[in-house]
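Dear colleague,

Please find the structure handed over below. My findings follow directly after it, and I would be grateful if you could read them alongside the model.

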Amino acid sequence: MAFHSQENTSQAAGKSMQKQNMPSQEQHTTALREQSAAGVSSANLLHLQKNMGNRAVTQLMSAQGVVQRKISIENNAGSDDILEYCKSKMLYYVSPSEIMDEVMKEKPPHIKEQLEQELLLGFSFSKLNSFLEDWHKDGKSFTYSNDGKGFNKLAKDAVKYHLNKHYNWRSIGTAEYMTGDATGLAMVPLVDPSLTVKVLTGDQRKAPSHPETAENFLKDPPPQTEKTKRIQGPSFLKNREQLPEYFDAAQKAGGIAFSQTDDNRAYQGTSDRYSTVYNEHTPGAVKPWNKETYEATRVIGEALHDPEKTKVLREQIQLGSSEGDQALKLKIEEYKKVMLDPVLKGKQCLILWGRNSGQKGGAHKELDSHQLMVFQLAAKLRASFPARQLVFVGDEVVTKEELGARNEVVHLGEFWKPQNSGEEYAPSLRDRNAQRYLFQLLHQENDAVSIGMRSGSLEGMALLGLNVIFIDDKDNNAAGRMEFWAGDAADERAAALSGHEDNFEEQAAWEKSKEGPLPNYKRISTVQKMGDEIDKRYAVLQRGLTFYRKLLSERDHTDLPVCTSEGTDSGIKMTADILSKREYADTFFANKMTDKPAVISAFLKDYDSLINTISSVNYKGKAAVTRASSFKFNEANIRKMMANIAQLDESPEKTHALSHLNTILDKKDVTLASLAGEWGDSKGAETLLKSIAADAPSSKQLQAFNASFDKVKSGFDGKKEDAAAGKIKFKIADINSLLAAPELLLNHNALQTNEKDQVSFLVKYLSPDKKETSLAK
C-alpha cells in the first residue's frame, strides 16, 4: 500500500523546496520565519545562538549542508529547542509520503494493515512531527547529520519507533555467515507476524579499502594482515544469493528482508554491521526495534507452549506429505536399511556431532568440536553405555581411523556427500529437512540421542522432539536465549546432582522440575570454553611449564642457582601478586578447580603476564667478559714507519713516537694475542697511524700521533671482567606452585569430570537403558 500526506499551503511550499538539490540561504531564512510564525519562538533561536555561537548557527543554516554539528535527540532539559529545529528542517528536506512508502515497503502485512487503519486520512507533517516527538522522548540518544540525508534518516527512525512502540514491530538481524541461526529465523515470522528478519548479505569481513581511486587500488592494493584480510565466510544462502527452501513460508508471509553490506562503506563487513546495529552487548546504543537473533529464540520458546504454533513450527523443518517429500522419505528409509542397519544391528545409538564451522570463518570458534573433547565424550559414553552404538556425524574433527580404533565408532561424517553415502543416496540427503528425517528414523528405531556443541543443526532436531544434548560455556551471551527452549538446569545441575549419584530417581525428579518447553532438549554448561579456546589455554599453560621447569634448574653467571630455598625480596615480590590472590590461592595453588569461568580467564592472563615480566629482568647477573683488542697493526708497516722516523733530527717527539711504535710491536692483549702481525691494519690502527704515514713526518705530525696514542692505548688490552652474581633469586616453593597450577589446568583443559557425568546422566534420563538399570559412574 502507499501512504499519502495531507499538506496545507505552507507544507506544499515546503515540499516544492524539497525537489531542489539544496535550499538557498534565502529559502532557509524564509522557512524559519514561517516556522517562527507557526510557533517557533525567537527565544528558541536565541537559545541556539547562545549555546552554539553565531558562526555555528550560520553553519547549521548553511545552504551547503556541510555537517558542522551533529543533532542529538535527547531526553534532557533544553532539548526542545533542538526538536523544534528538526521539525523546521524537515519541512523542506522531507516528504512524509515518500518516507512512509520507503519504511513500509518491506514490513510484514500485519504491520501494514494496522498502520493503514491508523492513517486513514494519510500521513501528514503533523503526524510525522508527533512521531518525532515520541522518538525524542525515548531514553537513549542518537545522532543525525545536519543535512538532507540526516533528516530523512531521522524521519524514518521516528516512523520505525512508532511501529515498534505501538505495534510491537521488531527487526531481527542476522548475517548470512550465521548458518547455525538460520533454522530458527526461518520459522519465527510464522508465529509472530509483527517481526521482520533482516538478512545482511555480503562478506563477513571486507577487504581493506584503498583511500584513493579504484585504479590506484589495482596498482597498489592495501596490505592484508590476519586482522584485515577479506573473509567471505560461510553462508546459509544458496549460491550466496537465494534463501533455502525452508525459508519459503516466511518469505511468503512477508517476514524476510535483505540488505547488502558489501557496498555500504559504514561497515567493515556483515560481522561488523551485525555487531554495531543489532548486538546489545556491543558498546553504543542499539535502536529499540533492532534485535539480535536472541529475540527469535525467545519468540519460538514462547510459541512452543502453544500446541498449534508448535505444529506450525515443525511443519517448516521436516518432510511433509507432498509426492516429492514422500519419495524422499522412501529413499532415506532405504539408505538407513541398506547402509546403516547392518552396522547398527538394532542397538540404541549415541550420536556424536562434529562442528568446525568456526575454523572455516563462521561464528563462534569456541563452539567448534575440539578433538580432545570428542575423545573425552567417546571414552565416557563407551564406558557408561557399552551396549550402545556410538555414531560420529558432521564435520571431520577426527578421522574415522582415530575415533573408530579407540572407541568402535560408526563414522558417518558428512553423510550427505557422495563420498560418504554413495552416488545413489547423496542427492536425497542434501536437503536439511531430508537430513532431519534420517535422524527421526534413528530416534524412532534406535532410540538415538544426539550430543554435540551448540549448533543450528541440533536446534532443528530438538524442535522436532528428538533427543538432543548440547554443550556450550557457562557465561556465554546466548545462555539466556537457549534457556527459552531447554530450561534453566544447566548452571545448577552439577551442584544439584552432587552427592546423589546413587539415586537416579531423585536426580531425574530434579531435572524434570527445571525443564523448558522442549523436555527433549538439554544443555550442559561448561566451566571453560571449548573449541579453539582449548588450544589457546594449552599454549599458555605449556609455555608456563617449560619456562618454570627451566627456571628451577638455571644458574646465574657465577654458577649459583637462580632459585633458592629462601629467595630474595626482589624475587619473592615478583611472584607474590599472583600467588597471594585469594581466588587463585584457594583454587589452582591449592590443587582445586574453580567453577567460575572469569577466575580461569583472569588467571591465564596473569600467569602469562608474569612469565613475560620474569623473562624481561636480569636474574642471572653479569657474565664474565674476555674480549680481544680491536686494534690490529701490520708489523711490516710499523717497522717501515720506525725506520722513517729514525732518520729525523733528534727531538722529544721523535723519541716518544719510536717508543710508542715499539710498544705496539711488543704488546699482547688479554687473550695473549699480538697486536702486530702479518695482517692488514684495523680501522682503529689506520686512524692512529694516519698522521705519521709520510716518509718524513713533521714534528707537528709526530706530536699528533703521540697525543692520539695516549688516548687510545687503553684499548690495546681488549676487555676482561669477572662475572657477577644475580641479585634476584626466586623461592623454590613459589616456582613449584607456579608449576603445579598449569599441570592441574592442563588435566582439566576440556570437559570436567562432573560435566562428563552430566552427559551420562542426561543420556539415561532421555533414553533409559534397555539392559542396564543403574547410572554408570
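L200 has S259 of β5 as its bridge partner. The strands concerned, β4 and β5, pair in the parallel sense over five bridges; two strands count as paired if DSSP finds at least two bridges between them. Helices (H or I, at least four residues) and strands (E, at least two) are DSSP runs, numbered from the N terminus. This is a predicted model, in which local features need pLDDT of at least 70 and side-chain atom pairs count only at pLDDT 80 or more, while totals for chains, interfaces and linings use all residues. Residues are numbered from 1 along each chain as its sequence is written, and side-chain values use heavy atoms, with hydrogens and water left out.

The open sheet has four strands in the order β5-β4-β3-β6, with parallel pairing. β5 and β6 (290–291) stand at its edges with a single partner strand each, so one side of each has no neighbour in the sheet.

Strands β4 (195–201) and β5 (256–260) also each give two or more residues to the lining of the second largest pocket, as do other elements including α6 (96–104) and α13 (270–277). A pocket here is an open set of points on a 1 Å grid over the protein atoms alone, where a 1.4 Å probe fits, with protein on both sides within 12 Å along at least five of seven lines; lining residues have an atom within 4 Å of a point. The volume of this pocket is about 1200 Å³, taken as the space filled by probe spheres set on the points, which are joined across faces, edges and corners. Of its 36 lining residues, K153, D157, K160, R273 and K287 are the closest to the centre. Helix α9 supplies the largest share of the lining, seven residues.

Elsewhere, six bridges join β7 to the parallel strand β8 (residues 389–394), and C349 stands opposite Q389. Six of the six residues of β7 (residues 349–354) are buried, so the strand is largely enclosed by the rest of the structure; buried means under 20% relative accessible area (1.4 Å probe, protein chains only). C349, I351 and W353 point one way from β7, and L350, L352 and G354 the other.

I351 is also, with F439 and Y521, among the residues touching the most other members of the largest nonpolar core, which has 59 residues. Such a core is a set of buried Ala, Val, Leu, Ile, Met, Phe, Trp, Tyr and Cys residues joined through side-chain atoms within 4.5 Å.

With kind regards

Conventions: Buried means under 20% relative accessible area, exposed over 50%, partly exposed in between (1.4 Å probe, protein chains only).
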